[in-house]
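Student: I'm new to this one. Could you walk me through how to read it?

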Amino acid sequence: MTAVVYEQRQVRRARYAVAAVFAVHGAVTGSFATRVPWIQEHASVSAGQLGLALAFPALGASVAMPLAGRVSHRFGARTALRGLLALWTLSLVLPALSPNLLTLCLALFVYGASAGMSDVAMNALGVEVENRLGRSIMSGLHGLWSAGALTGSAAGTLAAHLGSDARLHHALAAGVLTVLGLVACTWVLDLQPAEDEEPPPRFALPPKSALLIGAVGFCAVFAEGASLDWSAVYLRHQLDTSAGLAAACTTGFTLTMAVARIAGDKVVDRFGSVRTVRSGGVLAVLGGLLVVAAGHPAVAMTGFALMGLGIAVVVPLCFAAAGRSGPNPSQAIAGVATITYTSGLVAPSAIGGLAQATSLVVSFGLVTLLACGLAAFAGVLRAGDRDRPRVSPPAAAVPGPRP
């Protein structure tokens, strides 16, 4: 019994630690997103050139994400996460230092590569903790990521309002977040591969069972990536607002994402994954329509907030559904993660390219259209145990993977 209690305490401690890691990871994204207008002006790039530059995180992630499994296999989960998270937090300083398009592209390539690898490592540990606890925690972990993004974007809003140099702002943020991340990694699960376990493949195509689930996640993450990186630009240039108010729009978006994700596990247990995602899709479409039709900053900010509320829990539910979709859950989860994560990195560049050819209004019309896919195809997330109330395991049960 003593050993069981000790293991339970260890897993609970690991849950809090990985939650802190999610928050740190999100804070980097929030810090970057609110200063995109400053970075654009500092590098003297147009909307189209900015869209091109924002494609490089996707390229970096595509190259580096398959390597995360091998890094974890070689060094162990805890050491790998510690190094990859530090690389991600420190990469925050690079975009603001870029004086032109070429250096901005290179900086964002490194930024995306470190983001992808650390994201894969922390989600893998989050899923392992969820399995050992025997109940859903992934929505809450993603909620902590959004809370971290909210904190980072709030600091960015203040920095933008004060007219501070983003190079100084991001250097300070990177230092603080690196220390916090290293401390949090001390208590995550230290998973080690078996001696006879083969290293994971460098690249594996997603199984067919994961493709439709990944498509739903693609729609949600496309809207998230577009809103995070372009909401401030939309208000600043489309509606001619101040830099501070434009940055506040990103903060509002991340706020609704954080609230919805933190409450998401209880909502899904009550209403089921399909109804939750369909209702969220309706909210996201309504938010997109408000953004497209907005003639006043308050209307656009409300639209972005509704969009964040609608898409918040989709990605955690996609991971859960992927784990039940076929004979190889780990491969399905990895496939869905690759599709959804790449969507978030591709979305900003796609929005910029379309804005260059047409306008930002048309770009967010595309986002609204993709949000319709959440309501239309939510049924692919249907799975028996997710759509029934979950019963927690007895307190004295030995933590272990769920069947």
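Tutor: Helices (H or I, at least four residues) and strands (E, at least two) are DSSP runs, numbered from the N terminus. Residues are numbered from 1 along each chain as its sequence is written. This is a predicted model, where local features need pLDDT of at least 70, side-chain atom pairs count only at pLDDT 80 or more, and totals for chains, interfaces and linings use all residues.

Student: How many residues of α8 are buried?

Tutor: In α8, 17 of the 24 residues are buried, leaving the helix mostly covered. The expected span of a helix is 1.5 Å times one less than its number of residues. Helix α8 (residues 138-161) reaches 34 Å from first C-alpha to last, close to the expected 34 Å. Just after α8, Gly 163 has a positive phi of about 70°.

Student: What is Leu 104 in contact with?

Tutor: Contact means heavy atoms within 4.5 Å. Leaving aside neighbours within four places in sequence, Leu 104 touches Ile 39, Ala 43, Ala 53, Pro 95 and Ser 98. Leu 104 sits in helix α7 (residues 101-133) and is buried, at 1% relative accessibility.

Student: And how many disulfides are there?

Tutor: A disulfide is a covalent bond between the sulfur atoms of two cysteines. The rule here is a pair of cysteine sulfur atoms within 2.5 Å, and the count comes to zero. For Cys 219, the closest cysteine sulfur, in Cys 372, is 9.3 Å away, too far for a bond.

Methods
Heavy atoms only, no water. Buried < 20%, exposed > 50% of the residue type's maximum accessible area, 1.4 Å probe, protein only.
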